[in-house]
Amino acid sequence: MNDRTVGITVVSVYFPSLRMNANEYRKAWGNCAVPIKEKTVMDVDEDPLTMAVEVGKEALWENLCLRREIAALAVASTSFPYVEKLNSTTVATALGLSPYLFVEDYGFSTKAASSALINLANLVCLEPGCEAIVIASDAPQADLQEDSDHAMGAAAVAVIIGTGGLIAELEGYRSCYTESLGERYARRGQVYSEDIGVGSLHADVFESIADNAVQSLFIKLGTTAKDYSYFCAGEFNPRLTRAFARRLGFTEAQIKTGSVYEQTGDTGTAAAFLSLAAVLEVADPEERILFLSYGSGAGADVLSFKVTQNIERRRPEKSWREKIKEAREIDYMYYQRLKNNMVR
Amino acid sequence: MYCCDSWDFTEADLSGKGRVYTYTIISGMSALPEYTRQAKVQQQYIVAIVQLDEGPRIISQLVDVSRDEIEVGMKVAMVFRRIYEEEGVIRYGYKFKPVDESGEQ
């Protein structure tokens, strides 16, 4: 990244058309294995690409009623319908974007979306006057028989990055990778991700990698946790993430704003962006946000954002909580029919 | 494709907004093969003729609405959804869902 100021100009959030209360798991299985109150669910005619198009529409056309000069589009997901054929071209075509565009898929881990953001932030620095759109759209899946299915949600978040009119400036980032395997992986041809179930090992790896990335960013920017008003992160093990943030020095209030897991479940690579969107709904100018994006078997990206005065003019019309409430509530029988007839 | 015995078309950007002109409910047993999977999940689905704000009428499914909620004349807006899958290729397209009179969901 060169010396040009770069950051976020627009954020939009989309939830699929259904949601299911955690009580449905209690009725079906006797318990809900994860700390959700409810979770978001795609209907039979939805997938990460349909969600990406809907959130892209809102970000590009409906937010500011302007056609933006877009130089690049990236779509990030761990549940793309195609494993060979660029999925983001479907999204770009449906959004009516110019064919003279840099278009790319990002996948393979729950930190795919932050990787896309970092890459496209560097790209817009090379394209004066242009913006790039990163869409994180994900619906991780697990077998109905597995406890991990209880967590699986769905969401899409669009972030437009540019060099002017920012609502949050990207001050810097650090990445740290890891080869630690066995948590949340899928081989080619598998629909569901797997986990070898060594929770304590995965917790140690998460804490080590996330801490390395965060401390490295603090050194780079000359900041500490005290300089930040909010902590946001993708939550896959909410207790672990919260404990990590507390050890860094964040208070419950600073963590809670970006914690959406109770309402959405695990939204894969959309989770970290969703947390950031929730914080940007309420953050004030000059406040700093520490953004952590982690992927098992991948690593961590940590980004520092500083909110600008423009945020006051760009608050969303509906909060993410209001958007979730618009989804139709389903019972476990409908959910079973969805899973049993799923086309991936 | 031609209309009114002419090949002379003008491209137009449509807003994707309109109103329900008429509709029918397709029960699961009557579903076309392409929609069997959808019908197995949803049990029935709604097909409507939508009168777009710009004038043309088009056929499309209605989503995110129950049969008790549909009214002829209700305002709808286009959404992007999977239509069906054929030969291993996903066919994407448009459906419509209800919005309030201001155009919001």
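# A walk through chains A and B

Start with the hairpin of β4(B) and β5(B): 2 residues lie between its strands, and B:E87 takes a positive phi near 55° there. Strands (E, at least two residues) and helices (H or I, at least four) are DSSP runs, numbered from the N terminus. This is a predicted model, in which local features need pLDDT of at least 70 and side-chain atom pairs count only at pLDDT 80 or more, while totals for chains, interfaces and linings use all residues. Residues are numbered from 1 along each chain as its sequence is written, chains are lettered from A and ligands numbered from 1 in the order in which they are written, and side-chain values use heavy atoms, with hydrogens and water left out.

**Stop 1: the strands of chain B**

Stay with β4(B) and show its partner, strand β5 (residues 89-98) of chain B: the two run antiparallel and are joined by 10 bridges. Strands count as paired if DSSP finds at least two bridges between them. Select B:V79, and you will find B:K95 opposite in β5(B). Now turn to β1(B), which pairs with β4(B) in the antiparallel sense over 3 bridges. B:K17 has B:A77 in β4(B) as its bridge partner.

**Stop 2: rings in chain B**

Next, pick B:R57, whose charged end sits over the ring of B:Y21, 4.0 Å from the centre. For this, NZ of Lys or CZ of Arg must be within 6 Å of the ring centre and within 35 degrees of the ring normal.

Aromatic pairs come next: rings of Phe, Tyr and Trp (its six-membered ring) pair if their centres lie within 6.5 Å, and planes under 30 degrees apart count as stacked, over 60 as edge-to-face and the rest as tilted. By this rule there are 14 aromatic pairs over all chains. In chain A, select A:Y332 and A:Y335, a tilted pair with 5.8 Å centre to centre and 40° between the planes. Both belong to helix α11 (residues 332-340) of chain A, and because they are 3 residues apart, about one helical turn separates them. A:Y332 is buried at a relative accessible area of 9%, and A:Y335 is buried at 3%. Here buried means under 20% relative accessible area, exposed over 50% and partly exposed in between (1.4 Å probe, protein chains only).

Back in chain B, B:Y35 and B:Y84 make an edge-to-face pair, 5.9 Å centre to centre with 90° between the planes. B:Y35 lies in the loop between β1 (17-27) and α1 (36-42) of chain B and B:Y84 in strand β4 (residues 75-86), so the pair ties together parts 49 residues apart in sequence. B:Y35 is buried, with a relative accessible area of 16%, whereas B:Y84 is partly exposed at 22%.

**Stop 3: rings and a patch in chain A**

Select A:F206, A:F231, A:F244, A:F250 and A:Y294 together to see one aromatic cluster. Then move to A:K220, which lies over the face of A:Y173 at 5.1 Å from the ring centre.

**Stop 4: two strands in chain A**

Show strand β2 (residues 18-21) of chain A, which pairs with β3(A) in the antiparallel sense over 4 bridges. A:M20 stands opposite A:K39 in β3(A). In a regular strand the side chains alternate between the two faces of the sheet. Strand β3 (residues 38-41) of chain A is covered on both faces, with A:E38 and A:T40 on one side and A:K39 and A:V41 on the other, all buried.

**Stop 5: salt bridges**

A salt bridge is a side-chain nitrogen of Lys or Arg within 4 Å of a carboxyl oxygen of Asp or Glu. There are 28 salt bridges over all chains. Pick A:D149 and A:K339, whose closest N and O atoms are 2.9 Å apart. A:D149 lies in the loop between β6 (131-138) and β7 (155-162) of chain A and A:K339 in helix α11, so this pair ties together parts 190 residues apart in sequence. Both A:D149 and A:K339 are buried.

Then select A:E171 and A:R288, which meet in a salt bridge of 2.7 Å, N to O. A:E171 lies in strand β8 of chain A and A:R288 in strand β10 (residues 288-295), so parts 117 residues apart in sequence are tied together.

End with A:D43, A:D45, A:R328, B:D64, B:R81 and B:K95, which are linked in a network of salt bridges. Within that group, B:D64 has a positive phi of about 55° although it is not a glycine.
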